[in-house]
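Please walk through this model with me, one site at a time. Keep the sequence and the 3D view side by side.

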Amino acid sequence: MATPGPMTPEAPFEPSQPPVIEGFSPSVYSTSESFKEKFIRKTRENPMVPIGCLGTASALTYGLYCFHRGQSQRSQLMMRTRIAAQGFTIVAILVGLAASTMRSRP
């Protein structure tokens, strides 16, 4: 059984600082960005996701409105449209993820 060598004192753990890991930077961007700036950047990177989200929310809202008014046929149609819009949004997210992965490869 090997005996451990003398321990060298390390700097105390500093919770306000991220850990230093070789080859990993916790922030890709040098400056912090606001919510609005991040939203605009992400929308420019993949504009189909916000379009799908708006379509989903619109179909849901109109479907609930039709349900409230007693228009069951149109309400059912809007709920099916909502499912299609959700599927579109998921596909847009996956395509955007694949595209960003392909762009980051050398």
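Glutamate 33 is partly exposed in this predicted model. The side chain of glutamate 33 has a partner. It meets the side chain of arginine 41 in a salt bridge, with 2.7 Å from N to O. Side chains of opposite charge can pair when their charged atoms come close.

Now turn to arginine 41. Is arginine 41 buried or exposed? Its relative accessibility is 19%, so arginine 41 counts as buried. The cut-off matters here, because buried means under 20%. Glutamate 45 has a relative accessible area of 43%, so it is partly exposed.

Glu33, Arg41 and Glu45 are linked in a network of salt bridges. How many salt bridges does a search of the whole structure find? The search finds 2.

Step back to the whole fold. The protein chain holds 3 helices and 0 strands. Read from the N terminus on, its elements run α-α-α. The chain has 106 residues, and buried residues make up 14% of them. The chain exposes about 9,500 Å². Carbon and sulfur atoms supply 66% of that area. Consider contacts with a separation of 6 or more: residues 24 or more positions apart account for 46% of them.

The side chain of threonine 56 reaches the backbone nitrogen of glutamine 86 at 3.5 Å.

Next, the record. An unreviewed UniProt entry lists residues 48-67 and 83-102 under "transmembrane region". What does the model show there? Residues 48-67 are 100% helix and 0% strand. The end C-alpha atoms of that span lie 28 Å apart. Residues 83-102 are likewise 100% helix and 0% strand. Here the end C-alpha atoms are 29 Å apart.

Finish on the surface. Leucine 97 is found in helix H3, residues 72-104. Its relative accessible area is 51%, so leucine 97 is exposed. The cut-off for that label is over 50%. Ile90, Ile93, Leu94 and Leu97 form a nonpolar patch on the surface. Together these residues have about 380 Å² of accessible area.

Key:
Residues numbered from 1 in each chain as written. Predicted model: local features only at pLDDT ≥ 70, side-chain atom pairs only at ≥ 80, totals over all residues. Heavy atoms only, no water. Patch = residues over 30% accessible without salt bridge, like charges linked within 9 Å, V, L, I, M, F, W, Y side chains within 5 Å. Areas by Shrake-Rupley, 256 points an atom, 1.4 Å probe, with all protein chains shown as cover. Salt bridge = Lys/Arg side-chain N within 4 Å of Asp/Glu carboxyl O. Helix = DSSP H or I, 4+ residues; strand = E, 2+ residues; numbered from the N terminus. Buried < 20%, exposed > 50% of the residue type's maximum accessible area, 1.4 Å probe, protein only. UniProt positions renumbered as here; feature names shortened; annotations may be inferred. Contact = heavy atoms within 4.5 Å. Polar contact = N/O pair within 3.5 Å; in protein donor to acceptor, adjacent residues only side chain to side chain.
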